[in-house]
Amino acid sequence: MNLSGGTGEDAQELYRMLKRCIADVEQQLAYEVVFTVSAGAVAFFGAVPPLDDLVKKLDFSVSQAKKRGKNTLVMFNAVEYAQHLHRIDLQEKLRLAVKDGCRGFELYYQPVIDAHRVYDDKNAEQNKVIGAEALLRWSCPGLGMLMPDEFIPILEQSSLIIPVGRWILTHAFTQCREWNKIDPSFCMSVNLSYIQIKKNDILTDVQLALEASGVNPENLVLELTESGSIENDTEIQSLLDSFAEMHIKIDIDDFGTGYSNLRYLQDIHANTLKLDYSFVHKATTGNGGEAKVIKYISDMAHDLNMTICLEGVESDDDVKKLKSCEPDKFQGFHFGRPMNAVQFEELNLLKSHM
Ligand code: C2E
Ligand code: CA
Ligand code: CA
């Protein structure tokens, strides 16, 4: 409807009137029925924009109204619309990249450090890197290198994470096998998305990547994000049992960011609890309360035969402050930022194994 000369308030009034009419209809019906009215409105000044452009913006506003729980009017928002168009554009570019053999994707590696060796003053020269976490990057012409937060949610929503996940597994496993030639005990950690597990035969993907790479499964760690969905899910439980039978380790990632149901930890047989950056950061900057919580988690993990990895360690001061938490592993910018394979090998493997 064209409310020529009208304002946003007029659109609201029209919407309220529509709802009142519909409520009257509901009451007149002989049976129980509830209608919801999701609506969108676009305001513009001057000349009327092209019709197809208007319709697209209206469609977008209506879809926003539905997303916000329906039965509401949403006024068109140009910033949100630009973000929406950017997402669609990225998704299309990602789809083409995947089709083209995962073009532009690259794995970066961040060192995983043995915390005991860090605190062991006697062995200052000893190499403390015991593994790496593979972290995905994507470079796209015109956009440069993007960080995972910018494209992994799109990969997940579009299920493109399934083919990309296969690529990640094969690349990370193959890289691990290469690095095991330098350090046979080196472990590679790979992040798994919940979508890869729920909508896909992840066991087959892992088996195929094992065969293609020839890596020893004992050198592999799969990271699952702590999530309410893992708990009480018998399918996932049996999947984790299968990984254990294959001698692949499981780490619980970002522990402390979800609702940290402690009961499921017993069933999951995880190798390591990884405490999220935000959590660790509070412990190193706060008044001591958070550090105590980390110590309790650490004690519990040790009682359950798990190790603790503290993420986001950024300074020597952090390392000192975290000693009382009795961590087993560290990850953080202080020990090394994520870097490409050539840099990782040069800095963390070759120098200490020559
Ligand atoms: P994550 O699994 O928790 O990975 C650790 C993130 O913390 C990495 O961000 C890393 O660069 C960052 N980080 C490490 N040390 C520090 C530090 O000292 N300070 C701060 N501020 N940050 C630190 P990145 O690479 O941007 O990855 C973000 C997230 O994207 C990952 O969080 C993970 O959830 C997801 N992701 C990355 N690669 C993959 C992948 O291959 N597959 C899947 N499914 N998810 C991935
Ligand atoms: Ca991780
Ligand atoms: Ca993490």
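This is a predicted model: local features need pLDDT of at least 70, side-chain atom pairs count only at pLDDT 80 or more; totals for chains, interfaces and linings use all residues.
**Stop 1**

Now colour by secondary structure. Asp254 sits in strand β8, while Glu311 is in the loop between β10 (307-310) and α13 (316-321), so this pair ties together parts 57 residues apart in sequence. Is Glu311 buried or exposed? Its relative accessible area is 12%, so Glu311 counts as buried.

**Stop 2: calcium ion (ligand 2)**

Which residue coordinates both ions? Asp253 does. Select the protein donors of ligand 2: Glu133 (OE), Asn191 (OD1), Glu223 (OE) and Asp253 (OD). They lie 2.1 to 2.3 Å from the ion. Their spacing in sequence reads E-x57-N-x31-E-x29-D. Glu223 belongs to strand β7 and Asp253 to strand β8, so the two tie together parts that are 30 residues apart in sequence.

Check burial next. Glu223 has a relative accessible area of 1% and is buried. Asp253 is buried too, at 5% relative accessibility.

**Stop 3: the largest pocket**

Keep Glu133 and Asn191 selected. Both are among the residues nearest the centre of the largest pocket, along with Leu135, Pro148 and Asp149. In total, 41 residues line this pocket. Several elements each give two or more residues to the lining. The strands are β3 (105-114), β4 (129-140), β6 (187-192), β7 (220-225) and β8 (249-255). The helices are α5 (148-157), α6 (161-180) and α7 (194-198). Colour the lining by class: 20 residues are nonpolar, 10 polar and 11 charged. Display the pocket as a volume, and the space comes to about 1,100 Å³.

**Stop 4: the second largest pocket**

The space here is about 760 Å³. Four elements to highlight are α1 (8-28), β1 (39-41), α2 (51-67) and β2 (73-75), which each give two or more residues to the lining. Which element gives the most? α1 does, with 5 residues. Colour by class again: 19 lining residues are nonpolar, 9 are polar and none is charged.

**Stop 5: the nonpolar cores**

In soluble globular proteins, nonpolar side chains tend to be buried together. The largest nonpolar core here holds 81 residues. Select Phe105, Met188 and Phe330, the members that touch the most others. Then highlight α6, which supplies the largest share of this core, 10 residues.

Zoom in on Met188. Leaving aside residues up to four places away in sequence, Met188 touches Tyr109, Ala132, Ala134, Ala172, Gln175, Cys176, Trp179, Asn219, Leu220 and Val221.

Finish at a second, separate core of 6 residues. Select Tyr15, Val37, Ala39 and Leu73, which are among its members.

Definitions and conventions. Residues are numbered from 1 along each chain as its sequence is written. Chains are lettered from A and ligands numbered from 1 in the order in which they are written. Side-chain values use heavy atoms; hydrogens and water are left out. On a 1 Å grid over the protein atoms alone, a cavity is a set of points where a 1.4 Å probe fits but cannot get out, and a pocket is an open set with protein on both sides within 12 Å along at least five of seven lines; lining residues have an atom within 4 Å of a point. Grid points are joined across faces, edges and corners, and a volume is the space filled by probe spheres set on the points. Ala, Val, Leu, Ile, Met, Phe, Trp, Tyr, Cys and Pro count as nonpolar, Asp, Glu, Lys and Arg as charged, and the others, Gly among them, as polar. Donors are N, O and S atoms within 2.8 Å of the metal (3.2 Å for Na, K and Ca); water is not among the atoms, so sites may look incomplete. Buried means under 20% relative accessible area, exposed over 50%, partly exposed in between (1.4 Å probe, protein chains only). A nonpolar core is a set of buried Ala, Val, Leu, Ile, Met, Phe, Trp, Tyr and Cys residues joined through side-chain atoms within 4.5 Å. Contact means heavy atoms within 4.5 Å.
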